[in-house]
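Here is a short report for a reader meeting this protein for the first time. Please look over the sequence and the fold, then read on.

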Amino acid sequence: TFTPRYLQLSQTTANIGKNDITADCRFENYMGYALKDKTLRGTLNIRSNHFNLNDFMQADSTQTATTTNSETPAGMIEIPANIDFQMNADMKEVLFSSLSLTALNGKLLVKDSKVDMKNLSMNAMGGSVVMNGYYSTADKTRPKMNAGFNLKGISFSQAYKDLDMVQQLAPVFENLKGNFSGNMNVQTMLDSQMAPVMETMQGGGSLSTQDISLSGVTAIDRIADAVKKPDLKNIKVKDLTIDFTIDKGRISTQPFDIKLGDYMLNLSGSTGLDQTIDYSGKIKLPASAGQISNLSTFDLKIGGSFASPKVSIDTKSMAN
């Protein structure tokens, strides 16, 4: 329906390759937008059974050069500067990179080359995620994201599989068996494929798990060897909470406790993009070890990398 003041579209379905989208909308100032590059304002409701965002990202810089003279990096989804939309999304399946999202619902406000996401909920990585934040291409050469995530029941191994960020900063996730919940805030620049530029990342959060298996975690195996307790290599841990900060792509954790059978391990330290680890800790020996109370702990250091951790015990505490 066209009038001089608005354009209204009733429910319409389109198929683009294997993608489907159903939309209804009302746009104002469409004549000024079409003829004078003025701002197009409106409301847009979109629904979809299957939508693969990868199909709408430029494949390479050569293709970008032939289609536009802008400075938009290849592979980036650009948000136009001259639209002011309120969007409501209800999408059953969305694919982005290797990440599969289902039951995606929420409100998106699009204005000034930025998308504000309001309570955007989805199922992903074996659990559920609620996201609030924004994605901006106001500077086309430096797209950025600032977002907060509430996480419930996320699989450690699935997060490792689906997210490059986890593979780089928390490779230990690959061998962890169990789920985690918590919250996380992230601010980062994005590269040409809309992946985080890790050196620019800032943020923090808290993750907790009620049942996790540490079997196959090399650093734990090294600790078990150091204290000559091989049965610690197949320990299940309950009620673990880790608070962390992210600064320039390095994750630092506040001290946290891991109960390894009758042993209590307290750790704190950091992980880097180069896979290096730098942790210090204390192991509290069980009462059955017959230790005097003030001599019942010893200090250790964990260095090296995730692939080849090095565990050393402080000489003085070892003597005790």
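Two strands pair if DSSP finds at least two bridges between them. Strands E16 and E17 form it, with 5 residues between them. Gln275 sits in the turn and has a positive phi of about 70°. The model is a predicted one.

**Overall picture**

The protein holds 6 helices and 19 strands. Its C-alpha atoms fill a box of roughly 90 × 35 × 30 Å along the principal axes. The radius of gyration is 25 Å, whereas a compact globule of 320 residues would have one near 20 Å. Buried residues make up 40% of the 320 residues. The accessible surface comes to about 17,200 Å², and 51% of it belongs to carbon and sulfur atoms. Among contacts with a separation of 6 or more, 47% join residues 24 or more positions apart.

**Confidence**

The average pLDDT is 86, and 90% of the residues score at least 70. Strand E8 (residues 127-136) has the highest mean of the elements, 97. Helix H2 (residues 61-67) has the lowest, 39. Over residues 60-69 the pLDDT is below 50. Beyond near neighbours in sequence, that stretch has 7 contacts in the model.

**The sheet around E17**

Strand E17 covers residues 277-284. Its covered face consists of Ile277, Tyr279, Gly281 and Ile283. Its uncovered face consists of Asp278, Ser280, Lys282 and Lys284. E17 pairs with strand E16 (residues 263-271) in the antiparallel sense, over 8 bridges. In this pairing, Leu267 stands opposite Gly281. E17 is also joined to strand E18 (residues 297-304) by 6 bridges, again antiparallel. There, Tyr279 stands opposite Ile302.

Leaving aside neighbours within four places in sequence, its contacts include Ile277 and Tyr279. Leu169, Gly249, Arg250 and Phe306 are also among them.

Helix H5 spans residues 218-226. Ala219, Ile220, Asp221, Ile223 and Ala224 are buried in this helix. The buried residues of H5 pack against E16, E17, E18 and strand E19 (309-313). After the helix comes Lys228, whose phi is positive, near 55°.

In soluble globular proteins, nonpolar side chains tend to be buried together. Here the largest nonpolar core has 81 residues. Which of its residues touch the most other members? They are Phe173, Leu214, Ile258, Leu265 and Ile283. Strand E5 (residues 83-96) gives the most to this core, with 6 residues. Ile283 also belongs to the covered face of E17.

Leu214 shows what such a position looks like in detail. Leaving aside neighbours within four places in sequence, Leu214 is in contact with Leu176, Ile220, Lys233, Ile235, Val237, Ile258 and Leu260. Ile220 is one of the buried residues of H5.

**Positive phi and exposure**

Most residues other than glycine have a negative phi, and most peptide bonds are trans. Asn119 and Met125 both have a positive phi.

Gly17 lies in the loop between strand E1 (6-16) and strand E2 (19-28). Its relative accessibility is 73%, so Gly17 counts as exposed. How far apart are Gly17 and Asn52 in space? Their C-alpha atoms are 9.7 Å apart, although 35 residues separate them in sequence.

Notes. Residues numbered from 1 in each chain as written. Predicted model: local features only at pLDDT ≥ 70, side-chain atom pairs only at ≥ 80, totals over all residues. Heavy atoms only, no water. Helix = DSSP H or I, 4+ residues; strand = E, 2+ residues; numbered from the N terminus. Buried < 20%, exposed > 50% of the residue type's maximum accessible area, 1.4 Å probe, protein only. Core = buried A, V, L, I, M, F, W, Y, C linked by side-chain atoms within 4.5 Å. Contact = heavy atoms within 4.5 Å. pLDDT = per-residue confidence, 0-100. Rg over C-alpha atoms; globule rule 2.2 N^0.38 Å. Areas by Shrake-Rupley, 256 points an atom, 1.4 Å probe, with all protein chains shown as cover.
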